[in-house]
There are 2 protein chains.
Amino acid sequence: MQTTYGKLFLIPNFLSDDNTSDFIPEYVRKEIHHLKNFIVETEKDARALIKKLNIATPQNELHIFLWNEHSDKKNVAELLKALQNGEDAGIITDAGLPCVADPGSDVVALAHQKNIDVIPLPGASSIFMALMASGFNGQSFVFHGYIPIEKPLRVKKIKQISLDAVSKKQSQIFMETPYRNNQLMEDILSTCDNEMKLCVAANISSAKQFIKTKTIKQWKSEKPDIHKQPAIFILG
Amino acid sequence: MQTTYGKLFLIPNFLSDDNTSDFIPEYVRKEIHHLKNFIVETEKDARALIKKLNIATPQNELHIFLWNEHSDKKNVAELLKALQNGEDAGIITDAGLPCVADPGSDVVALAHQKNIDVIPLPGASSIFMALMASGFNGQSFVFHGYIPIEKPLRVKKIKQISLDAVSKKQSQIFMETPYRNNQLMEDILSTCDNEMKLCVAANISSAKQFIKTKTIKQWKSEKPDIHKQPAIFILG
């Protein structure tokens with residue numbers, strides 16, 4: 001008789017350190033209460049989340065498999081073996097949703113190849129919260145991930161994105177490593193037309209949340225200080 | 001003295017009729033418990049959601065403003081007036097997140113112009129749940145909304161999307177009115193290369209959830225019946 005395969009749950013994390021515990025739906029806690037196997041981006045952050053999610057398994061009985069740019073590929077093979085032996089497992093990332101601007105999609109791709117069911121759980125994404133709150137077109141949008149660092153490439157990308165926003169009527173979402181946010185803001189302001197609209201959404205869902213949509217001209221006279229603040233940028 | 005403006009909350013809705021009440025985070029219920037003013041897509045669905053969210057205001061004291069393609073523009077003017085008078089308000093759509101593949105973004109854009117704070121609340125989106133669960137690249141993706149209906153335009157769009165998925169390494173997300181899903185599936189299968197991968201994510205979060213990523217060749221021999229089932233399609 002063939003063993004029924006386990007399921008691979010995709011577990012949302014909190015977006016900010018000051019999110020209250022009820023930021024994650026109780027539904028998620030119920031669905032993953034029984035899990036023992038987790039594939040995680042960093043062990044410390046994952047164990048903190050597992051604690052907040054009230055997983056039934058004691059911490060010392062958890063099977064934690066590391067999955068990041070430095071980890072051993074055989075970790076994922078062991079995880080898949082557990083799933084094929086009928087044990088459920090979960091993917092956790094350090095913030096927000098697994099696989100969306102975060103690691104995990106390659107593990108999910110392998111699960112599909114092995115015919116393992118993948119169960120996404122409901123949770124918040126800072127990308128979508130920014131898009132919702134921007135006032136821009138939510139019927140058509142692009143997420144570019146991180147914008148290039150090198151100046152000429154970066155300026156070219158911002159220029160292209162701002163043209164696409166207008167010609168395709170498509171909201172253009174992107175981000176930067178937080179300590180370069182103020183520099184990115186300068187580059188956007190010096191590259192885009194004055195009439196273009198930009199949404200800056202920083203510290204989403206935290207007490208310091210800042211979400212404003214203004215024209216480039218307006219931003220030039222009221223520059224926000226978003227140095228080291230996690231932020232999403234949208235041109236629309 | 002200037003009145004402090006009210007805040008405009010963006011309220012997530014359930015994704016499926018069989019979602020349990022704890023699918024929506026308790027945090028959302030607390031944040032909007034006091035609201036009296038709502039701008040909604042359809043009144044009946046909104047009142048059902050308001051009931052499930054345990055809003056403190058009795059149903060007959062709610063101020064419901066309609067906002068859809070048929071509604072009167074002056075509704076939004078009245079809503080903005082309430083906000084400027086210091087009253088908080090909320091936007092509700094019929095499923096998922098306001099403003100994302102759903103109405104609301106024009107109301108939010110007006111709020112930004114009037115300097116009214118916009119507060120997005122955490123909730124699930126079927127688009128993001130499909131993307132997470134697809135195993136495709138979540139660092140770079142496009143959402144195209146509804147695919148054109150007319151055959152030549154539709155085939156051209158699918159062809160373009162499938163080329164972009166490969167050349168830009170960008171996940172391509174799109175949808176169709178549910179009763180045309182099987183037809184769309186046929187058009188994708190006859191347009192894309194056999195090696196291309198397609199994720200079909202139907203009835204997300206419901207008991208009938210179906211999420212699979214396979215090659216076009218594999219799909220050709222195991223066609224899903226997704227007629228009238230809400231679905232998200234992703235080429236990656």
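Which residue in β9(B) is the bridge partner of Ala202(B)? In this predicted model, the partner is Phe210(B). That pair is a handy place to start a tour of the two chains, beginning with the strands around it.

Strand β8 of chain B spans residues 197–202, and six of its six residues are buried. In a regular strand, side chains alternate between the two faces of the sheet. Here, Lys197(B), Cys199(B) and Ala201(B) point one way from β8(B), while Leu198(B), Val200(B) and Ala202(B) point the other way, and all of them are buried.

β8(B) pairs with β9(B) in the antiparallel sense over six bridges. Strand β10 of chain B, residues 231–235, also runs antiparallel to β8(B) and is joined to it by five bridges. One pair of residues to look for there is Val200(B) with its bridge partner Phe233(B) in β10(B).

| Strand pair | Sense | Bridges | A residue pair within the pairing |
|---|---|---|---|
| β8(B) and β9(B) | antiparallel | six | Ala202(B) and Phe210(B) |
| β8(B) and β10(B) | antiparallel | five | Val200(B) and Phe233(B) |
| β6(A) and β6(B) | antiparallel | three | Phe141(A) and Phe143(B) |
| β1(A) and β5(A) | parallel | three | Leu10(A) and Pro120(A) |

## How the two chains meet

How many residues of chain B are in contact with chain A? There are 44, and they touch 44 residues of chain A. The elements of chain B that each supply at least two residues to this side are α1 (26–32), α4 (105–113), β5 (118–120), α5 (126–134), β6 (141–146) and β9 (210–215). Sorted by class, the side of chain B that touches chain A has 26 nonpolar, 14 polar and four charged residues.

Strand pairing also crosses between the chains: β6 of chain A (residues 141–146) and β6(B) pair in the antiparallel sense over three bridges. Within that pairing, Phe141(A) has Phe143(B) as its bridge partner.

Ala101(B) sits in the loop between β4 (89–92) and α4 of chain B. Is Ala101(B) buried or exposed? With 21 other C-beta atoms within 10 Å, Ala101(B) is buried, because the cut-off for that class is 20 or more. Apart from neighbours within four places in sequence, Ala101(B) is in contact with Gly138(A), Gln139(A), Ile127(B) and Gly145(B). For a distance across the chain, take Ala101(B) and Gln172(B): they are 71 residues apart in sequence and 15 Å apart in space, C-alpha to C-alpha.

## The parallel sheet of chain A

In chain A, five strands form an open sheet with parallel pairing, in the order β3-β2-β4-β1-β5. Its edge strands are β3 (63–66) and β5 (118–120) of chain A, each pairing on one side only. On average, neighbouring strands of this sheet are turned by 25 degrees against each other, direction ignored.

Three bridges join β1 of chain A (residues 8–11) to β5(A), and the two run parallel; Leu10(A) stands opposite Pro120(A) there. Helix α2 of chain A (residues 43–52) packs on the sheet, touching β2 (37–40), β3 and β4 (89–92) of chain A, and its direction makes about 135 degrees with that of β2(A). A helix of the other chain packs on the sheet too: α5(B) touches β1 and β5 of chain A, with its direction at about 150 degrees to that of β5(A).

Nine of the nine residues of α5(B) are buried, so this helix is largely enclosed by the rest of the structure. Among the buried residues are Phe128(B), Met129(B) and Leu131(B). Just after α5(B), Gly135(B) takes a positive phi of about 85 degrees.

## Two domains in chain A

The domain assignment divides chain A into domain 1 (8–120) and domain 2 (126–235). Their C-alpha centres lie 30 Å apart. Seven residues of domain 1 are in contact with eight residues of domain 2 in chain A. On the domain 1 side of that contact, there are three nonpolar, three polar and one charged residues.

Terms used. Residues are numbered from 1 along each chain as its sequence is written. Chains are lettered from A and ligands numbered from 1 in the order in which they are written. This is a predicted model: local features need pLDDT of at least 70, side-chain atom pairs count only at pLDDT 80 or more; totals for chains, interfaces and linings use all residues. Two residues are in contact if their C-beta atoms, placed from the backbone, lie within 7 Å. Helices (H or I, at least four residues) and strands (E, at least two) are DSSP runs, numbered from the N terminus. Ala, Val, Leu, Ile, Met, Phe, Trp, Tyr, Cys and Pro count as nonpolar, Asp, Glu, Lys and Arg as charged, and the others, Gly among them, as polar. Two strands pair if DSSP finds at least two bridges between them. A residue is buried if 20 or more other C-beta atoms lie within 10 Å of its own, exposed if 12 or fewer, and partly exposed in between; C-beta atoms are placed from the backbone. Axes are lines fitted to C-alpha atoms, for helices over the stretch in contact, and angles run from 0 to 180 degrees between N-to-C directions. Domain bounds come from an automatic or database domain assignment.
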